[in-house]
Structure formats: structure tokens, C-alpha cells
Amino acid sequence: EVQFVESGGGLVQAGGSLRLSCTASGFPFDDVVMGWFRQAPGKEREGVACISLSERSTYFEDSVKGRFTISSDNAENTVDLQMNNLQLEDTADYYCAVAEYSKPLKVLWDNYADVHYWGKGTLVTVSS
């Protein structure tokens, strides 16, 4: 059984920073991609960022490039998403996700159908 522990999130003013952390365990494959999706009210779920635990290669959605960074602690299967210069449009529920590294990162994270496991989510609210 795959288990997630997510932390971080909350309320922040525009221009501020937040850090999300996710630890996952129990996944039945060795080559793992971990990262975050988000879903704002009335919008589709979209991939934000991910990292390959084996290669440490990363992918970022265009709107967060230069503002968000992602890092991993492979020994702990933990991924952190540092979000800087947050904007109103970053307000959403953020979900930690795990997928098997079977396709290029952009392909995996552009289509959440390839993601096998999901955390429960944490709310990020950016106020003006």
C-alpha cells in the first residue's frame, strides 16, 4: 500500500514563499518520479513540477519556471517543492504524486493519467 505524508501549504500574500514536502512509501516499482500537481476551483488538474529520484532530472510547468524549485532526498523518498514569488493564480489544492519513470518527465506530468498514486492534497492560498 502506497502511503503519503504531505506537509506545508497555507495562506500567503502575493510575492511570498511556501514550501511543500511529501514523503511516500510502498510503491511497487523501482524507478520513481515524484512531484506535485495542482487543481484550482473550476479548472483541470495540472502538473506543476516533478523529479526523477534516480537521475535527479526535473520538469516544471511553464508558469512556475524561475519561481519554483524541486528537490529530493532519495534515502527518505521525500520531495520538497519550494515556491517563491507566489501569485494569485497559484492558489489551488496541491497534490503529491508518484509515477513510474516509464516516459519523459514532461509526458508524464502533462497527462495525469500516467500517475499511479496520489496524496490527499494540501491547500495553497495566495492573497493580494
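**Contacts, burial and charges, with reasons**

Guide: Not counting residues up to four places away in sequence, S72 touches I51, L53, R56, T78 and V79. This is a predicted model, in which local features need pLDDT of at least 70 and side-chain atom pairs count only at pLDDT 80 or more, while totals for chains, interfaces and linings use all residues. Residues are numbered from 1 along each chain as its sequence is written, and side-chain values use heavy atoms, with hydrogens and water left out.

Visitor: What makes S72 and another residue count as touching?

Guide: A contact means heavy atoms within 4.5 Å.

Visitor: Why is S72 called buried?

Guide: Buried means under 20% relative accessible area, exposed means over 50%, and partly exposed is in between, with a 1.4 Å probe and protein chains only. S72 has 15%, so it is buried.

Visitor: Where does S72 lie?

Guide: S72 lies in strand β7. Strands (E, at least two residues) and helices (H or I, at least four) are DSSP runs, numbered from the N terminus.

Visitor: Which residues does L53 touch?

Guide: L53 touches V32, M34, S72, N74, N77 and V79, leaving aside residues up to four places away in sequence. L53 is in the loop between β5 (46–52) and β6 (58–60).

Visitor: How do you know whether L53 is buried or exposed?

Guide: Its relative accessibility is 8%, so L53 counts as buried.

Visitor: What about P28: buried or exposed?

Guide: P28 is at 62% relative accessibility, so it counts as exposed. P28 lies in the loop between β3 and β4, and it touches V2 and Y117, again not counting residues up to four places away in sequence.

Visitor: Why is R56 called partly exposed?

Guide: R56 has a relative accessible area of 46%, so it falls in the partly exposed range. N85, with 38%, is partly exposed too.

Visitor: How do you know that E46 and R38 meet in a salt bridge?

Guide: A salt bridge is a side-chain nitrogen of Lys or Arg within 4 Å of a carboxyl oxygen of Asp or Glu. E46 and R38 come to 2.7 Å, N to O, so they qualify. R38 is buried, at 4% relative accessibility, while E46 is partly exposed, at 32%.

Visitor: How many salt bridges does a search of the whole structure find?

Guide: The search finds seven. One of them joins K65 and D62 at 3.0 Å, N to O; D62 is exposed, at 58% relative accessibility. D90 and R67 form another, the closest N and O atoms being 2.7 Å apart.

Visitor: Why is the pair of D90 and R67 said to tie parts together?

Guide: D90 lies in the loop between β8 (78–83) and β9 (92–100), and R67 in the loop between β6 and β7 (68–73), so the pair ties together parts that are 23 residues apart in sequence. Both D90 and R67 are buried. R38, E46, R67 and D90 are linked in a network of salt bridges.

Visitor: Which residues gather in a patch of negative charge on the surface?

Guide: D30, D31, E55 and E100 do. Patch residues have over 30% relative accessible area and no salt bridge, like charges being joined within 9 Å and nonpolar side chains (Val, Leu, Ile, Met, Phe, Trp, Tyr) within 5 Å. Asp and Glu count as negative and Lys and Arg as positive, while His and the chain ends are not counted. The place of a charge is taken as NZ of Lys, CZ of Arg, CG of Asp or CD of Glu.

Visitor: How do you know whether D30 is buried or exposed?

Guide: D30 has a relative accessible area of 81%, so it is exposed. D30 is found in the loop between β3 (18–25) and β4 (32–39).

How values were computed: Accessible areas come from the Shrake-Rupley method with a 1.4 Å probe; for residues, only the protein chains shown count as cover.
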